[in-house]
Amino acid sequence: RFPSDPPGIRAQTNLLVQLIVMGDIVGAMRSMTLQRNADLRQFSRQIVDKLDAVRRARSTVIRNFARQKPPRAYAGSGPASAARAQDRAARYTQFVQMNTQLMGELQQSERELVDMLETMNRDLQSFWQAYASMSDSEFRTTERIMTTR
């Protein structure tokens, strides 16, 4: 037991311990699997919300980049206007580099979130498979004992 656990978690832990003590390992596994399924659904909703926020941010960056026109080429002879054109070109280059870095960071975040979601789903599937295997083994054992008696 952990003292900082809320009462609901303590009750669930006690229920699992009682099932195990009674010898109902499959029942305990089923309870754990159902609880884990509910927890992972809630967590996956949060990940999907964050994924949606990343995609909205990406679309905002792309939209802002599309609205910014590149500076025109300078074709004059004045030194002041040539310096201004050079400054504009340097600022635009900096703007492009910043947007490129930002898109890379957003794509990396999106990749990590998708990987996390896939890993979570894969773990849940393997947990359900373990429960099904355990349940099937218990059923076969119980069926044999009942038929031989």
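Is Arg56 buried, partly exposed or exposed, and what is its relative accessible area? Arg56 is partly exposed, at 48%, where buried means under 20% relative accessible area, exposed over 50%, and partly exposed in between (1.4 Å probe, protein chains only). The model is predicted, so local features need pLDDT of at least 70 and side-chain atom pairs count only at pLDDT 80 or more, while totals for chains, interfaces and linings use all residues. Residues are numbered from 1 along each chain as its sequence is written, and side-chain values use heavy atoms, with hydrogens and water left out.

Charged pairs come next. With a salt bridge taken as a side-chain nitrogen of Lys or Arg within 4 Å of a carboxyl oxygen of Asp or Glu, the count comes to 3. Arg56 pairs with Asp52, their closest N and O atoms being 2.5 Å apart. These two residues are 4 apart in helix α2 (residues 25–67), and therefore about one helical turn separates them; helices are DSSP runs (H or I, at least four residues), numbered from the N terminus. Asp52 is also partly exposed, at 39%.

Glu110 forms a salt bridge with Arg55 at 2.7 Å, N to O. This pair links distant parts of the chain, with Glu110 in helix α3 and Arg55 in helix α2, 55 residues apart. Arg58 bridges to Glu110 as well, with the closest N and O atoms 2.6 Å apart. Because Arg58 lies in helix α2 and Glu110 in helix α3, this contact ties together parts that are 52 residues apart in sequence. Through shared partners, Arg55, Arg58 and Glu110 join into one network. Within it, Glu110 is buried at 12% relative accessibility, whereas Arg55 is partly exposed at 44%.
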